[in-house]
Amino acid sequence: GSLLIVDQMVVVNAGGTGGHSVAAYNVESGELIWSGGDQPATYASPSLATLLGQRVILVPDGTGLACHSPTHGKELWFFPWTNAPKVCGALPVVVGEDSVLFGIGYGEGTVRLKLTLDGENWSATKQWHSNRFRPKFNDFIVRDGHAYGLDDGTLTCLDIESGKVKWKAGRYGYGQILLVGETLLLVSEEGQLVLIPAQPTKPEEPARAPLLDGGITWNQPVLVRGKLLVRNAHEAACFDLE
């Protein structure tokens, strides 16, 4: 997982009991500012979000999803959601001011959580659960009320209000997805670029182009100023998409 920079802090998903699973350090000195939580770490990164008008830090743990205060590190709420290897690899996605989508692989799937705040007391409850949308460590995209992601390697569109699958189309392994305008830019596990409309109707055969040769491509692509940067364990490449 990556570090998260918030204000003058570096936030780390370290894992551990005794109030030390998440820690924040001064970005200049490295001095510990706060720590909190009692959950084991996992691969996913902490992320900054706004829920019910408050800035919070969402932290996927090995046993579920935690929400921490960026001010003092206190765990505001925790929703248990895990699998046998305790791997929660995809980032949660905020949908509205009081709702979060959180998905894991190894057979479990995705939940939509409803957040409430009564004074200083938070709660997170499950609205729905789908075991047909299982992002093992592959981040998914939300656009216009629908989530697009890889369900154990199969591209899937999910209605985020009902949790029902709209369509499944094509196996791309454990690749990664970006949203560019109205188009899904998918880099498959085999290193192919696939362009697919982000729409709730099942797409036609998508446009494809080879990017990388050899090796498994699990790395997140980056698009900046028309340049697509991709890599795997064997090579890195930059393509001009303008």
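**Pockets and a strand**

Modeller: Eight nonpolar, six polar and two charged residues make up the lining of the largest pocket (Ala, Val, Leu, Ile, Met, Phe, Trp, Tyr, Cys and Pro count as nonpolar, Asp, Glu, Lys and Arg as charged, and the others, Gly among them, as polar). The model is predicted, so local features need pLDDT of at least 70 and side-chain atom pairs pLDDT 80 or more, while totals for chains, interfaces and linings use all residues. Residues are numbered from 1 along each chain as its sequence is written, and side-chain values use heavy atoms, without hydrogens and water.

The largest pocket holds about 340 Å³ of space. Among its 16 lining residues, Tyr43, Gly89, Phe137, Gln176 and Trp218 are the closest to its centre. A pocket here is an open set of points on a 1 Å grid where a 1.4 Å probe fits, with protein on both sides within 12 Å along at least five of seven lines; lining residues have an atom within 4 Å of a point.

The second largest pocket holds about 170 Å³. Of its 13 lining residues, Gln54, His72, Leu76, Glu120 and Trp122 lie nearest its centre. Strand S6 (a DSSP run of E, at least two residues) contributes the most to this lining, with three residues.

Six of the eight residues of S6 (residues 54–61) are buried, so the strand is largely enclosed by the rest of the structure; buried means under 20% relative accessible area with a 1.4 Å probe, protein chains only. S6 runs antiparallel to S5 (residues 47–51), joined by five bridges, and Thr50 stands opposite Arg55. Five bridges also join S6 to the antiparallel strand S7 (residues 64–68), where Leu65 is the bridge partner of Pro60.

Terms used
Buried < 20%, exposed > 50% of the residue type's maximum accessible area, 1.4 Å probe, protein only. Helix = DSSP H or I, 4+ residues; strand = E, 2+ residues; numbered from the N terminus. Pairing = 2+ DSSP bridges. Points joined across faces, edges and corners; volume = space filled by probe spheres on them.
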